[in-house]
Each structure stands twice: as structure tokens, then as C-alpha cells.
Amino acid sequence: QDEWFMLISDSDGQIRQAAQAILDRAKAERRQLSRDVVAIQGLVDAAVDGSLPHGDRQGAINKLITDYGEFAVPALVAKLGDADNEDAQDRAIYALSQLRGAAVLPLIEALKIDDDLTVQNATAALNQIGDRRAAPAMAHLARDSRVAVNSIAKKFLAANGVQGDEVTLQLAQARNYLANGVPAAAQSDVVWSLQNGHLVATDVPALIYPAELAKSCAADAVAIAPQNDDAIGILAEANMHQVTLIEDALAKGDESVDGVADMVPELKIAAHAAGSKSIVKIIEAA
């Protein structure tokens, strides 16, 4: 506190201004992000509009970062697939790269979109961001038949020193989420999924957010290797872990999980549907 007081009370004001800028940015990052679709669309349109001065485009990107974060990604992803406007595609990639970590998880889901151009540009955006959470998806795309896509994915893997096949990487990430959770800076109020070709955010309590991410990773591994016992087992474990978290929280009177209490029977069914062999592995590992 003494050091911050010194920084914001210096005589010439230069250090104070720098310190205040840091404080303001920290406050902005803690602010509740808006989901105003209309406002987001207007800013995204401005961010990719080549007729606007660079300063105006950057101002729009800055506002997307501070006020909307990950909720700006769906509108930017739509620009990635605009085959009639290559400049808009490039500027959307640039905007997504500035969103950095906030864009990673929705972008990973966007890789499942049934449009080659969108997938190629989403891969390019993830490559520029360089977040290792994209490693399993990139390992999968490195074997993709689309040359433009697999070449970008291979660049990501090489630049980040990623080794291993996509299933192994997905399961390692799932285990990490279950064991260690997520850093505070990576916490979110939503998880992303692709529904009818569109990115959709689903609200989740903070308590079960890491388990939801683990489920997503394990489900992707199962989709790639349906007969993989480890993948099936970790998917079951993630479901059972959520059951425990929710039931313990309800027993303690934690109202934050009231909205997901009805999920418990479904989670139990999903866990047991994995089969006895996978359940036994979970019990033995506990």
C-alpha cells in the first residue's frame, strides 16, 4: 500500500499517471462483462472497417476487450468467414489476437464450424494468440486434410513445443482442470459450445467451471477415440466430480449452485453410462 501511495502521489505526475492507468485496467478486467449483442456488433463492424482511421478501429477493439471480452468472439468469428471481404477477415484475426486468452475457448469451439474459411482463420487467430489450451485442438488439426489449416496448426505446435497426439493432450488437459482448477485470471461465468453452427455461451457457477472444462476436453477425446477407456473414464470422472461439488455445496446451503441442482441426476446417469470398466478405474484411482 505504501508503494502504491508513493506511485500515485509523485510530484510531477508522470509516475502517478502510469500507476493510475494500471489500476484502471485492473478495474476494467474485474468489471462484469456485457453481453449486449447489438453494441458488440457495432464495435466489431467498426473494428474491421477499413474505411475508418486506425485509431477508431483500435478504439473499437479496446472497448471490446474492456467491456465485452469473450462475448465479442461470436461476432468476430462471423467476420472470419466473410469470403467477400478478405480485409475484414484479417482485421478480425487481429482483433481476436488482442483479446488473447479471453478468445481462446470460444475460438476452440469455432474450429468445429462447418465452414473451411472460418476454421482456417480461427486456427490463424489461435496461432497468433499462442495459448497452450489450444494445443489438443491444434494437434487434431495438424492431421486435417485441409492443407491451409494443417500447416497453421503445425506452426502452432512447433512454436509452442507441443508433443503428443490429440487424445493424450485432451486427457492431460482434462486431468489438469480436475486436479488444479483454473487460475483466477482464466475464470469465466460461461462455457462455450457450438449449437446449430453458432457459438453459444451457457452460464455455469464458478464452483463447477473447471469440471465443465474437463468434461469438454474429455468429450472431445471421446469423439475422436470412442473406444478409448481412459477418455471414457475421465469423462465419467468429470461428471461424478460435478455431482460431488454440487451436492456438497447444496448441503452447505450454497445458493450459487441452486440453478444446477437439477443436473445431478443427469450427471449421475452420464457417469454410469460410461460403463463399469471405466467406473472401476475411477474408484481404483481415488
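Which element gives the most to the lining of the second largest pocket? Helix α12 does, with seven residues. The views below show a predicted model, in which local features need pLDDT of at least 70 and side-chain atom pairs count only at pLDDT 80 or more, while totals for chains, interfaces and linings use all residues. Residues are numbered from 1 along each chain as its sequence is written, and side-chain values use heavy atoms, with hydrogens and water left out.

**View 1. The second largest pocket and its lining.** This pocket holds about 340 Å³ of space. A pocket is an open set of points on a 1 Å grid over the protein atoms alone where a 1.4 Å probe fits, with protein on both sides within 12 Å along at least five of seven lines; lining residues have an atom within 4 Å of a point. Its volume is the space filled by probe spheres set on the points, which are joined across faces, edges and corners. Of the 21 lining residues, E109, W192, L213, S216 and C217 lie nearest the centre. At least two lining residues come from each of α7 (101-110), α9 (135-141), α11 (166-180), β1 (190-195) and α12 (209-224). Helices (H or I, at least four residues) and strands (E, at least two) are DSSP runs, numbered from the N terminus. The lining comprises ten nonpolar, five polar and six charged residues (nonpolar: Ala, Val, Leu, Ile, Met, Phe, Trp, Tyr, Cys and Pro; charged: Asp, Glu, Lys and Arg; polar: the others, Gly among them).

**View 2. The hairpin of β1 and β2.** Strand β1 pairs with β2 (residues 198-203) in the antiparallel sense over six bridges; pairing requires at least two DSSP bridges between two strands. V190 stands opposite D203, and S193 has V200 as its bridge partner. Two residues lie between the strands, and N196 takes a positive phi near 55 degrees.

**View 3. Packing of α4 against α6.** The axes of α4 (residues 54-68) and α6 (residues 86-99) are 10 Å apart, at an angle of about 40 degrees. Helix α4 is therefore oblique to α6 (angles under 35 degrees count as roughly parallel, over 145 as roughly antiparallel, 65 to 115 as roughly perpendicular and the rest as oblique). Axes are lines fitted to C-alpha atoms over the stretch in contact, and angles run from 0 to 180 degrees between N-to-C directions. The crossing of α4 past α6 is right-handed (the near helix is turned clockwise from the far one by less than a right angle; anticlockwise is left-handed).

**View 4. Packing of α7 against α8.** Helix α7 and helix α8 (residues 116-129) pack at about 150 degrees, with axes 10 Å apart, and are therefore roughly antiparallel. Their crossing is left-handed.
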